[in-house]
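I am keeping notes on what I looked up here. Each entry takes one topic.

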Protein chains: 2
Amino acid sequence: MATRRVTLGDRVIGGGAPVLVQTMANADTRDARRAIAQILSLVAAGAEAVRVAVPDERAAEALREIVPASPAPIIADVHFKAQLAVLAIQNGASGVRINPGNIGGPARVRAIAEAAGKAGAALRVGVNSGSLDREIAQKYGRGPEAMVESALKEIRAVEETGFRNLKVSLKASSVRDTVAAARLFASRSDIPQHLGVTEAGDLIAGVAKSAVAMGILLSEGVGDTIRVSLTAPPEEEVEAAWAILRALGLRRRGVEFISCPTCGRTEIDLAGLLKDVKKRLADLRAPLKIAVMGCVVNGPGEAREADLGVAGGRGKGSLFVKGERISSHPFAELAPALENWARRLAAEWEEKGARISPAGDAASRRDL
Amino acid sequence: MATRRVTLGDRVIGGGAPVLVQTMANADTRDARRAIAQILSLVAAGAEAVRVAVPDERAAEALREIVPASPAPIIADVHFKAQLAVLAIQNGASGVRINPGNIGGPARVRAIAEAAGKAGAALRVGVNSGSLDREIAQKYGRGPEAMVESALKEIRAVEETGFRNLKVSLKASSVRDTVAAARLFASRSDIPQHLGVTEAGDLIAGVAKSAVAMGILLSEGVGDTIRVSLTAPPEEEVEAAWAILRALGLRRRGVEFISCPTCGRTEIDLAGLLKDVKKRLADLRAPLKIAVMGCVVNGPGEAREADLGVAGGRGKGSLFVKGERISSHPFAELAPALENWARRLAAEWEEKGARISPAGDAASRRDL
């Protein structure tokens with residue numbers, strides 16, 4: 001079933017729009033200056049919407065400064081106190097996330113929906129298996145069915161007010177429950193889904209769990225916006241989210257690196273070369289594919305299929321441009337040579353009108 | 001279609017056996033002492049079979065020392081020179097991986113199959129989109145169909161000799177091609193598949209690509225053994241492989257950590273606490289679930305569902321054991337208190353006969 005079209009500030013979620021990349025700031029929202037600096041860093045990394053925690057009135061107040069300074073829509077994350085959600089909306093938040101397990105009953109939810117409707121803000125009903133509505137948990141337990149029932153109960157309260165600009169998330173720390181809940185919800189509602197695996201763990205475990213869940217769901221057409229949750233800097237959440245969308249062939253942004261695993265055949269410092277090249281090209285928005293390969297077995301083949309490639313061995317390496325081997329360089333000169341070519345191709349891409357646009361532009365919908 | 005049962009040393013691949021975790025050593029195989037040290041480290045990290053590069057006769061020779069010293073089956077990775085594959089088998093390798101794109105025609109492949117048959121070794125036909133057989137590439141291009149045709153051509157040559165102890169891998173740097181090729185092959189053959197995305201990139205991109213591809217395929221029942229390829233230490237490949245299998249609910253090994261993303265509500269050094277706890281418990285093989293949570297919103301709920309949990313806030317935290325909040329501790333004492341409990345539960349698990357066994361034991365097949 002196609003999901004309905006929901007607006008979040010100037011972005012669209014659902015209704016066939018490209019899957020939107022979200023993250024959550026971890027700077028203290030009450031310190032507006034630091035929060036803004038982090039939001040700018042996250043947007044530069046590719047975040048298309050940023051959620052901030054709003055635990056008290058001072059945080060809700062700070063949104064008056066934060067929202068106008070942010071190039072991406074700001075979503076207020078509110079628990080326990082419904083009044084804070086209303087305040088956040090009045091102070092300019094493009095969206096509010098509430099948790100049915102702790103926001104305090106239908107009357108309060110209706111008040112939030114009315115404020116959101118008046119302001120044109122979006123609302124996310126964010127169910128979390130770790131903090132389910134007590135009544136629901138008693139009746140349905142804590143599995144996928146309980147999560148979906150909790151969401152549907154809250155949605156009914158919201159939609160009674162006529163409000164429709166609604167998203168839903170059904171997060172569990174178990175990938176199986178996350179996948180089952182999202183599938184079940186998709187079969188029962190046209191409301192767009194925000195996908196995420198909650199409390200996913202540190203970098204390796206977190207990326208693996210999120211990529212497995214989102215890979216399965218997005219490949220089935222379930223999911224309209226994603227957040228990778230990591231116990232790690234939020235910039236890495238954004239990098240992981242884009243890596244997942246790129247892997248699925250759904251969206252592209254910036255340089256994609258193809259690089260060898262190291263093995264007993266590797267004769268150069270491949271990880272060092274990759275890191276160097278990645279750092280040199282961090283500012284490029286052009287969706288180039290660059291191969292950084294360490295040996296003669298798969299190196300030349302992969303390097304040939306990328307926009308640019310280097311295949312190294314014994315202190316030197318070859319440079320490939322659009323499939324042609326064009327020069328050979330001592331190891332120390334490989335990265336600068338690659339950078340020169342990458343900037344040349346990126347400039348050509350910009351001149352041609354940057355057909356595949358950086359995150360968030362209207363044109364980026366052509367990626368799909 | 002169920003895959004056939006293939007043996008690799010004392011391990012089974014295919015025919016319904018648990019998905020086997022592989023990695024590849026990057027120490028120089030010719031330096032047997034260093035190669036053995038790395039193999040032991042990889043096995044401790046959870047590798048159930050280790051591949052080593054065999055680029056020349058000295059490397060093949062070193063297998064005489066390496067194989068008897070390794071607790072896991074050793075697979076020789078051979079390119080270009082068929083004779084090295086025969087030598088590796090004669091020197092004790094449990095398996096050999098050859099690449100149809102560069103091993104040199106059917107007569108040589110038959111010679112390898114005959115040596116493997118005599119020794120009871122396994123053979124992997126490892127197709128790589130970056131180094132396809134030239135004839136095949138001319139006829140079919142470099143996509144999934146070409147990869148499958150290349151594998152089937154090689155398999156025919158091998159099976160003409162009566163050899164059946166065969167696996168196949170169809171690796172591409174594109175997730176879409178990897179998924180499409182594996183599905184296509186599974187519809188046409190009962191030979192077990194080794195899954196991997198080649199040249200997947202650095203940690204975040206590599207884990208994301210591998211987890212998306214393996215998540216989709218394994219959830220469909222395709223794939224019998226996996227290797228995550230990363231431009232990173234191979235121990236991290238093993239950690240990522242287990243994280244993927246755990247996420248899918250296929251296998252468990254060692255402690256699983258559930259932990260918060262950090263957000264504006266976090267009041268403790270959560271990443272530091274997680275790192276500390278992970279280090280303290282790195283040697284535990286018991287499949288415990290431990291929640292390390294930073295706040296009062298989802299913390300207590302998640303901590304309650306794990307075997308053990310801490311939920312922290314403002315300089316102190318609560319400890320949960322099997323769902324019961326049992327004590328409160330100053331922040332500095334949380335990790336030691338958690339460690340004590342984890343070791344107690346792990347000892348109980350060992351006493352009960354360690355029903356879910358560490359990697360590679362026969363009993364581990366009960367996980368599924």
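**Entry 1: a strand pair in chain A.** I began with strand β4 (residues 49-53) of chain A, which pairs with strand β5 (residues 74-78) of chain A in the parallel sense, over four bridges. For pairing, I used the rule that DSSP must find at least two bridges between two strands. Helices (H or I, at least four residues) and strands (E, at least two) are DSSP runs, numbered from the N terminus. I noted that strands of a sheet pair through backbone hydrogen bonds, either parallel or antiparallel. Which residue in β5(A) is the bridge partner of Ala53(A)? I found Asp77(A).

**Entry 2: conventions.** The model is predicted, so I wrote down its limits: local features need pLDDT of at least 70, side-chain atom pairs count only at pLDDT 80 or more, and totals for chains, interfaces and linings use all residues. Residues are numbered from 1 along each chain as its sequence is written, chains are lettered from A and ligands numbered from 1 in the order in which they are written, and side-chain values use heavy atoms, with hydrogens and water left out.

**Entry 3: the barrel of chain A.** I traced eight strands that close into a barrel with parallel pairing, in the order β3-β4-β5-β6-β7-β8-β9-β10 (chain A). Helix α1 (residues 32-45) of chain A packs on the sheet and touches β3 (20-24), β4 and β5 of chain A. Touching, or contact, means heavy atoms within 4.5 Å. The direction of α1 makes about 150° with that of β4(A). Axes are lines fitted to C-alpha atoms, for helices over the stretch in contact, and angles run from 0 to 180 degrees between N-to-C directions.

**Entry 4: salt bridges.** I returned to Asp77(A), which forms a salt bridge with Arg51(A); their closest N and O atoms are 2.7 Å apart. The term means a side-chain nitrogen of Lys or Arg within 4 Å of a carboxyl oxygen of Asp or Glu. How many salt bridges are there over all chains? I noted 46 from a search of the whole structure.

**Entry 5: domains of chain A.** The domain assignment gives domain 1 (6-247) and domain 2 (256-351). These bounds come from an automatic or database domain assignment. Taken over C-alpha atoms, the centres of the two domains of chain A are 38 Å apart.

**Entry 6: the barrel of chain B.** In chain B I again followed eight strands, which close into a barrel in the order β3-β4-β5-β6-β7-β8-β9-β10 with parallel pairing. Strand β3 (residues 20-24) of chain B is joined by two bridges to strand β10 (residues 225-226) of chain B. Val21(B) stands opposite Ile226(B) in β10(B).

**Entry 7: where the chains meet.** I listed 68 residues from chain A and 68 residues from chain B in the contact. The area buried between the chains is about 5,400 Å², of which carbon and sulfur atoms give 59%. Buried area is the accessible area (1.4 Å probe) that two parts lose on being put together, summed over both. In chain A, Glu199(A), Ile204(A) and Thr231(A) lose the most area to chain B, together 13% of what that side buries. Across the interface I noted four salt bridges. Lys209(B) forms a salt bridge with Glu256(A), with the closest N and O atoms 3.6 Å apart.
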